[in-house]
Amino acid sequence: MATASQAQPRERVLCVIDRAYRGAVEVQFFHPLYGLLDLHGQFAKVDLALRGATVTMAVEEDSYVPSVQLGSTLLETLPDYRGSVRDLVAAGFEVFVDEDALAELGFAPDRLVAGVTCVAASELARRWPTYDQVWFV
């Protein structure tokens, strides 16, 4: 049995998400951002990098409502990715978005959820060695 002084140091993990849409109904009860909150206490640090179309998860939008009408049924349990990004920032995650992807989709950095950092892809890659593991979620 390992004592506290013998225990392995807790690791720093960077999670990278590049696939933005995985199906609204399919992920309504568990989506990747929600899952990251569960990992937070298991590692010394867990951060998130959003690339490609996934950067839109961190863009504030006033009119988004997480619901969809399917025939006569209104499904109101869809994921609120922006709300999840806010939760991650509040929990102490560093959340990065790819600057080029954000610009290609027509968004300015000032539209990001408060606390999200916009970085160049090359800068993000330079940060990888500061993490013990880089996961593609």
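**Strands β1 and β2.** I began with the pairing of strand β1 (residues 12-17) with strand β2 (residues 45-50), which run in the parallel sense and are joined over six bridges. I took strands as DSSP runs of E with at least two residues and helices as runs of H or I with at least four, numbered from the N terminus, and two strands pair if DSSP finds at least two bridges between them. I looked up Ile17 and noted that its bridge partner in β2 is Leu50.

**Source of the model.** I noted that this is a predicted model, in which local features need pLDDT of at least 70 and side-chain atom pairs count only at pLDDT 80 or more, while totals for chains, interfaces and linings use all residues. Residues are numbered from 1 along each chain as its sequence is written, and side-chain values use heavy atoms, with hydrogens and water left out.

**The sheet.** I then followed the open sheet of five strands, whose order is β6-β5-β2-β1-β7 with parallel pairing. Which strands stand at the edges? They are β6 (116-119) and β7 (133-136), and each has a single partner strand, so one side of each lacks a neighbour in the sheet. The twist from one strand to the next averages 25 degrees, with axes fitted as lines to C-alpha atoms (for helices over the stretch in contact) and angles running from 0 to 180 degrees between N-to-C directions. I found helix α2 (residues 81-90) lying across β2, β5 (95-98) and β6, at about 130 degrees to β5.

**The cores.** I read a nonpolar core as a set of buried Ala, Val, Leu, Ile, Met, Phe, Trp, Tyr and Cys residues joined through side-chain atoms within 4.5 Å, where buried means under 20% relative accessible area, exposed over 50%, and partly exposed in between (1.4 Å probe, protein chains only). The largest nonpolar core has 25 residues, and Leu33, Leu48 and Leu50 have the most contacts inside it. A second, separate core has seven residues, including Val16, Val119, Leu124 and Tyr131. For Leu48, leaving out residues up to four places away in sequence, I listed the residues it touches, among them Leu14, Leu36, Leu88 and Phe96, with contact meaning heavy atoms within 4.5 Å.

**Cysteines.** How many disulfides are there? With a disulfide defined as a pair of cysteine sulfur atoms within 2.5 Å, the count is zero. I also checked Cys15, which counts as buried because its relative accessibility is 0%, and Cys118, which counts as partly exposed because its relative accessibility is 22%.
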